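User: Hi! Could you walk me through this model? I have a few quick questions.

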Amino acid sequence: MSKNFKAHLPTLIILTQREHQRLSNQAKRLQAYALDLDTLNTYRAKWIDLLGYVDFLPMLLQAMESLIAQQGKGEATEAAYDEVVFQIGIYKKSCWAFIKTFYGSINPYVDRWLKVLPDYKYQFEQRYEAGRKLSVPEQAELIRALVDVVPNRDDPYNLRQTPEGRALREAAARSEADTNALDEPPSSTSNVVDMFSFKKKRR
């Protein structure tokens with residue numbers, strides 16, 4: 001990947017829009033409140049394998065896990081479906097916030113309807129899809145590469161490098177630990193993927 005990673009912004013926009021369209025289609029199916037257990041498990045597995053912005057996956061996966069648990073008992077509620085759809089929306093917003101923070105504004109690359117301008121779309125197609133369309137796994141891999149190339153994305157303000165910053169991070173970690181200690185411990189049979197274990201496993 002080029003050191004000038006911001007040059008890849010049009011590519012990231014195109015791939016993100018494709019990913020989010022697939023998620024939007026799944027959200028519409030979820031809003032029918034009638035998916036079977038196999039379909040829900042398939043969605044969850046595909047999200048783990050094929051969504052590009054893995055830092056923003058844990059809450060979405062947790063919501064789906066809760067729905068799957070209810071569905072397994074034949075007690076799935078509309079509220080549980082709605083929570084998954086809500087988390088899909090949060091995931092999508094987080095992706096665009098990430099792009100804006102680290103890559104910059106998308107406005108120079110899209111028209112008023114947020115479609116990528118023809119020149120950039122053509123360049124993408126010539127570079128990546130001259131012979132065939134990228135598969136969904138290939139698209140996910142490319143998004144992850146474009147996310148991973150961003151320096152300091154886990155510490156955008158470079159807090160690790162100053163005593164004050166380290167103190168702030170340590171205080172935040174203690175606060176989070178105290179909050180977690182008040183929560184009910186998760187079931188030993190749960191498949192929920194928490195943020196840190198998910199990211200560690202991926203690496």
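Here is the chat that follows.

User: Before we start, what kind of model is it, and how are the residues numbered?

Analyst: It is a predicted model, in which local features need pLDDT of at least 70, side-chain atom pairs count only at pLDDT 80 or more, and totals for chains, interfaces and linings use all residues. Residues are numbered from 1 along each chain as its sequence is written, and side-chain values use heavy atoms, with hydrogens and water left out.

User: Thanks! How many helices and strands are there?

Analyst: The protein has 8 helices and 0 strands. Both are DSSP runs numbered from the N terminus, with at least four residues (H or I) for a helix and at least two (E) for a strand.

User: And what share of the residues is buried?

Analyst: Of the 203 residues, 33% are buried. Buried means under 20% relative accessible area, exposed means over 50%, and partly exposed lies in between, with a 1.4 Å probe and protein chains only.

User: Let's talk packing. How do H1 and H5 cross?

Analyst: The axes of H1 (residues 9-30) and H5 (residues 118-128) come within 9 Å and cross at roughly 85°. The two helices are therefore roughly perpendicular to each other; that label covers 65 to 115 degrees, while under 35 is roughly parallel, over 145 roughly antiparallel and the rest oblique. Axes here are lines fitted to C-alpha atoms over the stretch in contact, and angles run from 0 to 180 degrees between N-to-C directions.

User: Which residues make that contact?

Analyst: H1 brings Pro10, Thr11, Ile14, Leu15 and Arg18, and H5 brings Tyr120, Lys121, Phe124 and Tyr128. Contact means heavy atoms within 4.5 Å.

User: Switching to backbone: what is the phi of Tyr33?

Analyst: Tyr33 has a phi near 60°, a positive value in a residue other than glycine. Most residues other than glycine have a negative phi. Tyr33 sits in the loop between H1 and H2 (37-50), and at 31% relative accessibility it counts as partly exposed.

User: Where is Leu114, and what is its phi?

Analyst: Leu114 lies in the loop between H4 (78-102) and H5. Its phi is positive, about 65°, although Leu114 is not a glycine. Leu114 is partly exposed, with a relative accessible area of 47%.

User: Last one: how far apart are Ile90 and Phe56?

Analyst: They are 34 residues apart in sequence and 8.6 Å apart in space, C-alpha to C-alpha. Ile90 belongs to H4 and is partly exposed at 33% relative accessibility.
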